[in-house]
Amino acid sequence: MALDTFEYLIRLGDDRLVLGHRLSEWCGHAPILEEDIALANIALDLIGQANLLFTLAGDAEGAGRDADALAYLRDSLDFRNVLLVELPNGDFAVTIARQFFFSVFAMLQAEALMKSADKDLAGVAEKMHKESRYHVRHSGEWMLKLGDGTEESHTRLQDAVNELWRYTGELFVSDDVERRLVQQKVAVDSSAIEARWREQVNEVLGRAGIQPPEVKWMQRGGRAGQHTEHLSHMLAEMQILQRQHPGASW
Amino acid sequence: MKKDGSPKADSQWPLWEVFVQPPGGAPHEHAGSVHAVDAEHALQNARDVYARRGEGVNIWVVPTNAITSSTPDDMGPFFDPGNDKPYRHPQFYKVPRGVKM
């Protein structure tokens with residue numbers, strides 16, 4: 001039970017930590033000052049959520065690992081995030097499409113987790129829900145602007161959606177760990193989120209004039225620790241300080 | 001600068017002025033400005049730049065070019081005539097005895 005909970009919290013935390021770090025890579029590079037701040041804000045929201053989830057995970061594990069140990073001292077094989085969030089930022093359209101796909105999922109997931117039998121998790125979910133609603137609003141507006149903007153922005157967004165679509169299936173994969181926790185009313189059945197996700201995403205794609213790609217085969221592996229090569233590179237940069245100077249603080 | 005010496009046109013998105021209402025019902029205050037392509041975008045940028053640390057409970061955004069401002073030339077005619085008219089201030093008047101404050 002405790003190990004299932006640990007595993008589940010790590011999945012939730014890793015999705016957010018990895019995406020938060022990816023977004024932080026935009027800091028100082030976004031197309032305009034206001035957007036630079038907006039992306040950094042979202043990055044901080046996600047990293048803050050990961051911090052809370054890792055703290056709960058460390059407690060569930062009971063091995064004395066705190067949030068920092070879980071974030072900075074695990075290797076890519078131990079990460080349980082979906083592949084979608086570890087993909088490189090690409091151009092702005094890729095970043096926005098990735099953010100929109102994840103944020104809609106995260107919002108629906110958090111909404112359901114607010115009713116979790118695990119009261120600590122339910123409390124964190126309330127914060128996650130509030131924040132992800134804003135993330136959906138931010139990235140959703142950009143989906144419309146890019147899709148319905150210039151020919152260039154439309155093409156870039158369509159390309160981004162085509163490229164990322166095959167990574168969205170993994171969001172809705174359920175497994176034994178999750179099913180056991182669903183029975184105890186701790187976790188959310190990821191596959192139950194899919195229909196509402198499709199409805200909301202397709203509605204925005206439609207308004208943005210973007211065609212949903214027809215992809216039969218979905219990539220997966222992240223939840224089992226099988227990651228793309230991109231994650232190791234990202235972790236090398238993210239973890240170098242704690243690896244070289246263990247326990248460093250400021 | 002352009003060749004003729006005039007300032008380069010702003011290559012960024014249109015400018016919006018941001019007014020944030022602090023908690024507690026105080027009036028909106030001018031917080032600054034943001035660039036944005038439309039009103040919703042301006043609201044989001046204003047939120048991210050000026051109201052992410054609990055500064056406000058409400059935000060107004062107004063297109064900067066919708067604001068009509070007095071100019072330095074107006075200084076005299078607009079504001080000086082008030083200087084020699086102290087009776088426009090309530091402090092000018094003595095409160096009659098017997099009025100409870």
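Modeller: What follows describes the interface of chain B and chain A. This is a predicted model, in which local features need pLDDT of at least 70 and side-chain atom pairs count only at pLDDT 80 or more, while totals for chains, interfaces and linings use all residues. Residues are numbered from 1 along each chain as its sequence is written, chains are lettered from A in the order in which they are written, and side-chain values use heavy atoms, with hydrogens and water left out.

On the side of chain B, 15 residues are in contact with 12 residues of chain A, where contact means heavy atoms within 4.5 Å. Between them the two chains bury about 1300 Å², 53% of it on carbon and sulfur atoms; buried area is the accessible area (1.4 Å probe) that two parts lose on being put together, summed over both.

The rule finds 2 salt bridges across this interface, a salt bridge being a side-chain nitrogen of Lys or Arg within 4 Å of a carboxyl oxygen of Asp or Glu. The side chains of B:E40 and A:R137 meet in a salt bridge, with 2.7 Å from N to O.

As for the elements involved, β2 (29-35) and α1 (39-50) of chain B each supply at least two residues of the side that touches chain A, and α1(B) gives the most, with 8 residues; helices (H or I, at least four residues) and strands (E, at least two) are DSSP runs, numbered from the N terminus. By kind, the residues on this side of chain B divide into 5 nonpolar, 5 polar and 5 charged, where Ala, Val, Leu, Ile, Met, Phe, Trp, Tyr, Cys and Pro count as nonpolar, Asp, Glu, Lys and Arg as charged, and the others, Gly among them, as polar.
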